[in-house]
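Have a look along with me before reading on.

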Amino acid sequence: MRSGKSHRGTDKRGVDRIEDPFLNKGTAFTEAERREWGLLGLLPPHIETLEEQAERAYEAFSTKDSPIEKHIFLRQLQDENETLFYRLLLEHVEEMMPVVYTPVVGEACQKFSHIYRRPRGLFLSYPHRDVLGDILAEIDRDIDVIVVTDGERILGLGDQGAGGMGIPIGKLSLYTLCGGVHPSRTLPILLDLGTNNQERLEDPRYIGWRHERIKGADYDDFVDRFVQAVKARFPNVLLQWEDFASVDAERILARYRNDLCTFNDDIQGTAAVTTGTILAAIAAAGGKLEDQRFGMLGAGSAGIGITGQLIGALKKKGVSEEDAISRFYIMDINGLLHDAREDLDAVRKPLAQKAEAVKEWGKDLTQAIGLADVVRHARPTVLVGATGQAGAFTEDVVREMASYAERPVIFPLSNPTSRAEATPADLMTWTDGKAVVATGSPFAPVVHEGETHVIAQCNNSYVFPAMGLGIIAVGARRVTDTMFMAAAEALMEVSPALSDPHGSLLPPLKDIRTVSRHIAVAVARQAQQDGVADPMTPEKLEQAIDQTMWTPAYD
Ligand SMILES: NC(=O)c1ccc[n+]([C@@H]2O[C@H](COP(=O)([O-])OP(=O)(O)OC[C@H]3O[C@@H](n4cnc5c(N)ncnc54)[C@H](O)[C@@H]3O)[C@@H](O)[C@H]2O)c1
Ligand SMILES: O=C(O)C[C@H](O)C(=O)O
Ligand SMILES: [Mn+2]
């Protein structure tokens, strides 16, 4: 087991103790602690429990009337008292997860420089490239998980520069909230290589390095310096890459995945949650994976990652690779991927449709072949959106799908809410309630002709905190594709829709800790089978997971 439960040991006194969010207990410091740590007089005399503190905090939270104000409030609480922050979040997970995470975190990234209060994590800026190792060496505690972004593709909101820091902070909050990773053992990092967002560059409040983005060999050199610095200071850390532009994301993953314990969440975490949810959707609709045809709108990190894992799932069912690939109709901004296209890279080319087959549709292959063509001719039964383009699933396309598919599986996965390819309410109307829907951002249930459809949130948040928990608990040295497959299958197993045809595809967020634990066990076991973690008995493994899971309470 890599992590312990304890805070870093410290003998901070007085105001220093109150200002340390890992040590602060606020009004819950006991009389004895107040005397021991020199806190008498610094705190009001009434001594409270954590529950009472959480009640007051909830009262204050409830007076904030906009989502961004609620976000600011919670972030401040996190900086003041981590235990209280997580206690409050655990009690109100369905209400508060969308505030600290998607979708409100998107707005927080856009406004980061305006709502900025105090630093958290590390800002590694290009001008400091020679001292990255020194910066990391200053960290005085052990770290189990780092989430890092360069801010270039923040959700579907594009380049947010240093404002992208909201994402690692939000993701790591979920490592603790959902996966129970101790908050003092997490570290958010922003690689500040500039921004090409003109609005940010011209904003006098912008807190990042005011420079156009560094690219090419200099970019790769910076990333390499960063990885070497991480390896030197935290050789066993789990390093999660998040919200990079897809070319960088894929290159970085390929370069470092066998070098340290690392994964890309947009490629691999997304693939696992989506594969698990699609498997559940197909099973719930009474179908088989082998009988589906897939329309993938968006061929970036998410679209390609999901396709890769679904191909893996088909191969596990005995379908050949070539046959599996032929069932995928992948589209990017320039239309359907087919092998007569000359703009496809080495990752996408092998996934392209045969131009010969597409020619039979009577299309001019020099023109973009769009979603409407694909739906008309290939008749996909599963449609996944990962474009960041609101409205990309049009009424015509969806009605057409409903004309041939008994239960069309339709997943508008783009975040935040404003970027979803379609709204669940529209999908239910257009398919007359037949669609099986999951979205990337949270949506309220849809009532269609008297029937309530709970909309599952197919978001990698069902997977990455559990991956972290499993990896940390058994000290996994690498992250394998089979560990993600184990996560997908474990997630499918707990889908309420398997036993209740009206049930949601995914368990409710209030059960997220139980779900994460279940997935973590499967991931950890797979790591052992893959030889990237030392073997232990099943009982020991579960024990290690339970010991790693921190529940917010004062020591
Ligand atoms: N639900 C989740 O867990 C989850 C996970 C990862 C990403 N996402 C979301 O998916 C979206 C894409 O993320 P990504 O990392 O793959 O981004 P990306 O930039 O790597 O890829 C976007 C892809 O969409 C294509 N595209 C853009 N406009 C299009 C259009 N009009 N028609 C067809 N294709 C179009 C691009 O060509 C590209 O292939 C984002 O909004 C992100 O928030 C959701
Ligand atoms: O951050 C999210 O909500 C999911 C995903 O990682 C994304 O980039 O959209
Ligand atoms: Mn992401």
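**Entry 1**

In which helix does Lys171 lie? I found Lys171 in helix H10. A reminder to myself: I am reading a predicted model.

Next I checked the surroundings of Lys171. Lys171 counts as buried because 28 C-beta neighbours fall inside 10 Å. Setting aside residues within four places in sequence, I see Lys171 in contact with Val147, Glu242 and Phe464.

Then I turned to Tyr101, which sits in the loop between helix H6 (93-100) and helix H7 (104-110). Tyr101 has 27 C-beta neighbours inside 10 Å, so I put it down as buried too. Not counting residues up to four places away in sequence, Tyr101 touches Gly170, Ser173, Leu174 and Ser461.

**Entry 2: the annotated binding site**

The "binding site" annotation, again from an unreviewed UniProt entry, covers Arg153, Asn415 and Asn459.

Arg153 is in the loop between strand E2 (145-149) and helix H10 (166-177). With 24 other C-beta atoms within 10 Å, Arg153 is buried. Not counting residues up to four places away in sequence, its contacts are Gly158, Asp243, Phe244 and Ala245.

Asn415 belongs to the loop between E10 and helix H20 (424-430). I noted 26 C-beta neighbours inside 10 Å, so Asn415 counts as buried. Beyond residues up to four places away in sequence, Asn415 touches Thr102, Pro103, Gly106, Leu155, Gly156, Gly440 and Ser441.

**Entry 3: ligand 2**

Which residues are around ligand 2? I listed Thr102, Leu155, Asp243, Asp265, Asp266, Asn415, Gly440, Asn459 and Asn460. Sorted by class, this shell has one nonpolar, five polar and three charged residues. Domain 1 (16-260) and domain 2 (268-459) both give residues to the shell, so ligand 2 lies between them.

I went back to some residues from the ligand 2 list. Thr102 is joined to Pro103 by a cis peptide bond, with omega about 10°. Pro103 is in the loop between H6 and H7. From Asn415 to Pro416 the peptide bond is also cis, with omega near -10°. Pro416 is in the loop between E10 and H20.

Leu155 is not a glycine, yet it has a positive phi of about 45°. I placed Leu155 in the loop between E2 and H10. Leu155 is buried, since 26 other C-beta atoms lie within 10 Å.

Asp243, not a glycine either, has a positive phi of about 60°. It is found in the loop between strand E4 (238-241) and helix H13 (246-256). Is Asp243 buried or exposed? I count Asp243 as buried, with 26 other C-beta atoms within 10 Å.

**Entry 4: ligand 1**

I then moved to ligand 1. Of the 30 residues around ligand 1, those that come nearest are Gly156, Ser246, Gly300, Gly388 and Gly440. Helix H14 (265-284), helix H15 (301-316) and strand E7 (328-332) are the elements that give two or more residues to this shell. By class, I wrote down 11 nonpolar, 15 polar and four charged residues.

Why does ligand 1 lie between domain 1 and domain 2? Domain 1 (16-260) and domain 2 (268-459) both give residues to the shell around ligand 1, and so it lies between them.

**Entry 5: a sheet**

Last, I traced the sheet that includes E7. Seven strands form this open sheet in the order E8-E7-E6-E9-E10-E11-E14, and the pairing is mixed. At the edges are strand E8 (335-336) and strand E14 (456-457), each pairing on one side only.

I picked one pair to follow by eye. Strand E9 (residues 382-385) and strand E10 (residues 409-412) pair in the parallel sense over four bridges. Within that pair, Gly385 stands opposite Pro412 in E10.

Technical notes
Residues are numbered from 1 along each chain as its sequence is written. Chains are lettered from A and ligands numbered from 1 in the order in which they are written. This is a predicted model: local features need pLDDT of at least 70, side-chain atom pairs count only at pLDDT 80 or more; totals for chains, interfaces and linings use all residues. A residue is near a molecule or strand if its C-beta atom, placed from the backbone, lies within 6 Å of it. Ala, Val, Leu, Ile, Met, Phe, Trp, Tyr, Cys and Pro count as nonpolar, Asp, Glu, Lys and Arg as charged, and the others, Gly among them, as polar. Domain bounds come from an automatic or database domain assignment. Two strands pair if DSSP finds at least two bridges between them. UniProt positions are given in the numbering used here, feature names are shortened, and annotations may be inferred rather than shown by experiment. A residue is buried if 20 or more other C-beta atoms lie within 10 Å of its own, exposed if 12 or fewer, and partly exposed in between; C-beta atoms are placed from the backbone. Two residues are in contact if their C-beta atoms, placed from the backbone, lie within 7 Å.
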